[in-house]
Amino acid sequence: MQGERGRGIALCIITGASRGFGRTVAKELSLRVKPGSAFVLVARSESELQTLRAELAESDAGRAGLEVRYVATDLGLTEGLEKVTKAVQEAASELIEHVLLVNNAGKSPVFTEMAEVNSYLSFNVSSVLCLTARILQAFPQRPGLRRTIVNISSLCALKPFPSWVLYCAGKAARDMIFKVLAEEQPDLRVLSYAPGPLDTDMQLEARSKSGDATLRKSFNEMFTRGQLVSCEESCNKLTKLLMEDSYTSGAHIDFYDI
Ligand code: NAP
């Protein structure tokens with residue numbers, strides 16, 4: 001990324017890039033990376049990834065040589081992780097000076113069965129841990145290489161919300177995974193960023209389907225009072241954090257903290 005501390009050719013891997021916050025992160029980062037950089041975009045919806053790739057190809061960054069690949073796959077499956085690892089290896093080159101993984105894909109669950117709980121945790125926790133491990137294995141520490149891992153977190157990692165048990169538990173587990181990683185590998189830059197209440201499909205689901213009536217009401221009030229945050233506004237704060245690069249590695253930083 002280009003910035004005070006971030007000059008260099010980047011390889012950016014962004015999960016959940018087909019819509020919502022991940023899509024905005026991909027577009028915003030494309031404005032910041034140096035020519036010769038490469039993106040690997042991941043989600044299940046192929047047509048939306050194709051559209052984003054076309055948009056990026058036609059942008060100034062695309063014309064300046066940004067290489068964009070996408071992987072349409074389910075990250076809750078081992079096969080999905082393998083496809084992403086392969087695409088990342090294909091996009092890698094010796095010129096890469098900064099590897100940036102944004103673990104953004106996520107969902108809010110409705111569940112009754114153990115299989116649904118397992119499937120939720122597989123996608124929201126296990127795949128994030130395994131994808132991060134695979135990327136770090138593919139790009140071991142070497143002089144001149146910066147490695148940054150972003151965990152898109154939530155206030156739910158810190159605060160219990162009735163009826164959101166799996167979402168809260170998953171986000172809390174992810175925050176701890178990345179705190180441990182920051183302790184284990186001091187050369188890495190690790191950030192858990194809680195993006196605020198975003199005006200996305202996930203919010204729509206939260207205000208229409210949350211099991212707890214009080215919580216549904218409060219999400220609906222936030223929406224009608226215009227209190228939701230745009231993906232662009234939140235992403236600006238995330239990119240500022242990444243460019244300044246002065247956060248404590250492993251920290252949980254919320255949109256409202258900055
Ligand atoms: P969103 O609009 O629902 O987008 C979720 C993204 O994840 C989509 O690109 C989706 O693409 C992808 N995805 C879902 N299941 C997947 C799977 N099994 N495999 C691969 N990709 C998958 O959500 P968002 O609001 O942008 O949320 C982005 C992140 O911010 C999440 O981690 C969320 O927990 C966090 N967050 C959101 C809010 C909020 O208010 N919205 C607040 C705090 C934190 P496909 O459907 O194409 O697979």
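In this predicted model, an oxygen atom of the ligand is found 3.0 Å from a polar backbone atom of Gly16, a polar contact being a pair of N or O atoms within 3.5 Å.

| Residue | Ligand atom | Distance |
|---|---|---|
| Gly16 | oxygen | 3.0 Å |
| Phe21 | oxygen | 2.8 Å |
| Leu75 | nitrogen | 2.9 Å |

The ligand is surrounded by 29 residues, the closest being Arg19, Ser45, Asn104, Tyr167 and Thr200, where a residue is counted as near if one of its heavy atoms lies within 4 Å. By class, this shell holds twelve nonpolar, twelve polar and five charged residues, with Asp, Glu, Lys and Arg taken as charged, Ala, Val, Leu, Ile, Met, Phe, Trp, Tyr, Cys and Pro as nonpolar, and the others, Gly among them, as polar.

The helices α1 (20–30), α6 (165–184) and α7 (201–209) each supply at least two residues of the shell, and α7 gives the most, with three residues. Over the protein chain, the secondary structure comes to nine helices and seven strands, which are DSSP runs (H or I, at least four residues, for helices; E, at least two, for strands) numbered from the N terminus. The radius of gyration of the protein chain is 18 Å, close to the 18 Å that the globule rule gives for 258 residues, so the chain is as compact as a globular protein of that length; the radius is taken over C-alpha atoms, and the rule is 2.2 Å times the number of residues to the power 0.38.

Residues are numbered from 1 along each chain as its sequence is written, and side-chain values use heavy atoms, with hydrogens and water left out. Local features need pLDDT of at least 70 and side-chain atom pairs count only at pLDDT 80 or more, whereas totals for chains, interfaces and linings use all residues.

Conventions. Polar contact = N/O pair within 3.5 Å; in protein donor to acceptor, adjacent residues only side chain to side chain.
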